[in-house]
Amino acid sequence: MYHLPELTYDYDALEPYIDAKTMEIHYTKHHQAYIDKLNKAFEKYPDLDLANKPIEDLLRNIESVPENIRTSVRNNGGGHANHSFFWTILGKKSELHAGPLADAISRCSGSMDEFKKEFATAATDQFGSGVAWLVLKRDHSLEVLTTSNQDSPLLTDKVPILGLDVWEHAYYLKYQNRRPEYIMAFWNVIHWPTVEKRFLEAINNEGRIICFDGP
Ligand code: MN3
């Protein structure tokens, strides 16, 4: 059985940028619903013991999941993985200090400000529900992209470094239709030490970073 991961901060910790009510509903209702549906799908294949495998592994190897529940694992498993990731990169305002990630972002996007613009544009332009990402690709390039619905970058062998949920359920209570305001607020609640840790793990603490325009 999959379960909700523990939140390491209170629902109101991200106020005023992300309000407590949204956090509570998002975590206890939306995220829980993905988990419930995923567990339900796994019940069809008790012998495969899918619920004891890391969701990241199932998404990376989605073709290994029985076809009958593959769409459910893609959607609900993606929802579980994406939300579990999202909670960890949020926190009280922090700065990205000089270091490997700051260097890579500056080199690949031109500057931190250019990166923020690129990310915000992608998040704003995502049509309908989805998630905006900074990912590390297998060739060690960094890329800003969006996925639709609850598709995980892991489905296409990309490692999430930073992500922003742009489903309306993530912002509608406070921002209604003003998604760009929510995206601007996001920069105030990123826990950069965790983002940098994700990045360093993804490059095995030593990998060379190239930019998608070439190094
Ligand atoms: Mn969500």
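## Salt bridges, step by step

R178 is partly exposed, with 31% relative accessible area (buried means under 20%, exposed over 50%, partly exposed in between, using a 1.4 Å probe and protein chains only). This is a predicted model, in which local features need pLDDT of at least 70 and side-chain atom pairs count only at pLDDT 80 or more, while totals for chains, interfaces and linings use all residues. Residues are numbered from 1 along each chain as its sequence is written, and side-chain values use heavy atoms, leaving out hydrogens and water.

**Exercise 1.** Find the salt-bridge partner of R178 and describe its accessibility.

*Solution.* Start with the rule: a salt bridge is a side-chain nitrogen of Lys or Arg within 4 Å of a carboxyl oxygen of Asp or Glu. R178 meets E181 in this way, at 3.0 Å from N to O.

**Exercise 2.** Work out how K117 and E114 are placed along their helix.

*Solution.* First, the contact: K117 and E114 form a salt bridge, with their closest N and O atoms 3.4 Å apart. Then locate the pair: both lie in helix α5, residues 112-125 (helices are DSSP runs of H or I with at least four residues, numbered from the N terminus). They are 3 residues apart, which means a separation of about one helical turn. Lastly, K117 is exposed at 53%, whereas E114 is partly exposed at 38%.

How values were computed
Helix = DSSP H or I, 4+ residues; strand = E, 2+ residues; numbered from the N terminus.
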